[in-house]
Amino acid sequence: MKIAISGTPCTGKSTLARYLANNMNWEYIPETFDSLFDAQGNYIQPPSQLAVQMDKVLMLKRQLEFKHVDTVSDRCSADLFILWLSRGFSKHKQVAEFADKCRDYLRHYDAFIYLPWGVLPLEQLEEGESGCKRNMDQWTQFYNNSALIGLIMQWVPAEKRIFIPTNIIDLETRADYVLSRLNTVSQ
């Protein structure tokens, strides 16, 4: 089974992905977005190089996921496409091609888990956790959350979607919820 975990920063994606992978003895696939940022944690410039790098990130994710039968992936192509749009690439000459790649790529997941925005506090990463800094503007995150939900509703079949309710905050309770829902998804 292949599972993707998606959501905006500070929703607990990485924590839940690692927890599920450990408890199910599946392979944890990291975010892989670090290569989009330079040494100072800024997006790669010029934008044309960033667009090429985003395509490479998508292919790297695919390679990592297809090395194993059962995987839990931290972020997926839906997150990457929202990042593409948030960088102002809606007018980029390859936007339609990249959108098609990202949408088509979602088809290989058996389940798609979405974590709610605004439930956990926005916290910056500690030094050394990642080469990038999180966007700490709550309204930018709210906008990205709304866009991501819309994309999921259009690109992910309803039977594969698992939205974590906003009242489930505890890690173990979230994991139990996902596992109970995975049983219905896989049938």
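Me: What is the mean pLDDT of the protein?

Reply: This is a predicted model, in which local features need pLDDT of at least 70 and side-chain atom pairs count only at 80 or more, while totals for chains, interfaces and linings use all residues. Residues are numbered from 1 along each chain as its sequence is written, and side-chain values use heavy atoms, leaving out hydrogens and water. The mean pLDDT (the predictor's confidence in each residue, from 0 to 100) is 88, and 91% of residues reach 70 or more. Over residues 127-131 the pLDDT is below 50.

Me: Which strands pair with β3?

Reply: Strand β1 (residues 2-6) runs parallel to β3 and is joined to it by 4 bridges; β2 (residues 27-29) is also parallel to β3, over 3 bridges. Strands here are DSSP runs of E with at least two residues, helices are runs of H or I with at least four, and both are numbered from the N terminus. Pairing requires at least two DSSP bridges between two strands.

Me: Which residue in β3 is the bridge partner of E27?

Reply: The partner of E27 is T71, and K2 also stands opposite T71.

Me: Are the faces of β3 covered or open?

Reply: Both are covered: T71 and S73 on one side, and V72 and D74 on the other, are all buried. Buried means under 20% relative accessible area, exposed over 50%, and partly exposed in between (1.4 Å probe, protein chains only).

Me: Turning to W155, where is its place?

Reply: W155 lies in helix α5 (residues 138-155). W155 counts as buried because its relative accessibility is 15%.

Definitions and conventions. Contact means heavy atoms within 4.5 Å.
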